[in-house]
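Please load the model below and keep a selection panel at hand.

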Amino acid sequence: MTSAPSALINLAAEQKSADVTDWAARIGWVVGLLLFIALLYWLMREGWKWRGTLQGDLPELPTAPADQGEPTLTMTGRYHGSTTAGQWLDRIVARGLGTRSRAELTLTEHGVTVVRPGAQDFFIPADRVRGARLDKGIAGKVLTEGGLLVITWVHGDREIDSGFRSDRAAEHAAWAEALTHLHHLNSDTEGAR
């Protein structure tokens, strides 16, 4: 009887469990994955810089006049970027227009002042506004229908769409109406000259 338990003991002593983890292979895969992610990030950054170089002919952004007058409308929210007008995927990155940020918009009779903490502020003169609309997307940002205020304006020889989202989406319609009205006022004034 002693032979059966001793045989099991001998059998258990001879068997070895397999290695649970091959650390060298695991470290190799992790390092490879990190290098791949770094390569992708570098390629995206180079693409961004290349796009900025291609758009290098874009003039400096206008700055707001010292005396802007009384504000007609104000809005706080987010700036989501600018694209070539009518081409919602052709992002403009030159002159800081590709940088998403918080934004404070102020509409006066002179135009729209866009203050962006952490990014370059800019001004859209009233005579360059070509209209505004409610939309659902702009380069890299898709929202519900009417969730984005898109201002169309001219800068240099380009027509640009700039997308904004208010903290209170109900403000979008009033902004679109006021900007369209501003465009009609300026086009009537230009026609009368």
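Select Leu-40 first: this residue is partly exposed, with a relative accessible area of 39%, where partly exposed lies between buried (under 20%) and exposed (over 50%), computed with a 1.4 Å probe and protein chains only. Leu-40 sits in helix α2, residues 23-54, helices being DSSP runs of H or I with at least four residues and strands runs of E with at least two, numbered from the N terminus.

The model is predicted, so that local features need pLDDT of at least 70 and side-chain atom pairs count only at pLDDT 80 or more, while totals for chains, interfaces and linings use all residues. Residues are numbered from 1 along each chain as its sequence is written, and side-chain values use heavy atoms, leaving out hydrogens and water.

Next, colour the secondary structure, which comes to three helices and 10 strands, in the order α-α-β-β-β-β-β-β-β-β-β-β-α along the sequence.

Now turn to the largest nonpolar core, which has 27 residues, with Leu-105, Phe-122, Phe-164 and Leu-179 making the most contacts inside it; such a core is a set of buried Ala, Val, Leu, Ile, Met, Phe, Trp, Tyr and Cys residues joined through side-chain atoms within 4.5 Å. Elements giving two or more residues to this core include β1 (73-84), β10 (158-166) and α3 (172-192), and α3 gives the most, with five residues.

Finally, centre on Leu-179, which touches Leu-107, Val-112, Val-129, Ala-132 and Ile-151, not counting residues up to four places away in sequence, a contact being heavy atoms within 4.5 Å.
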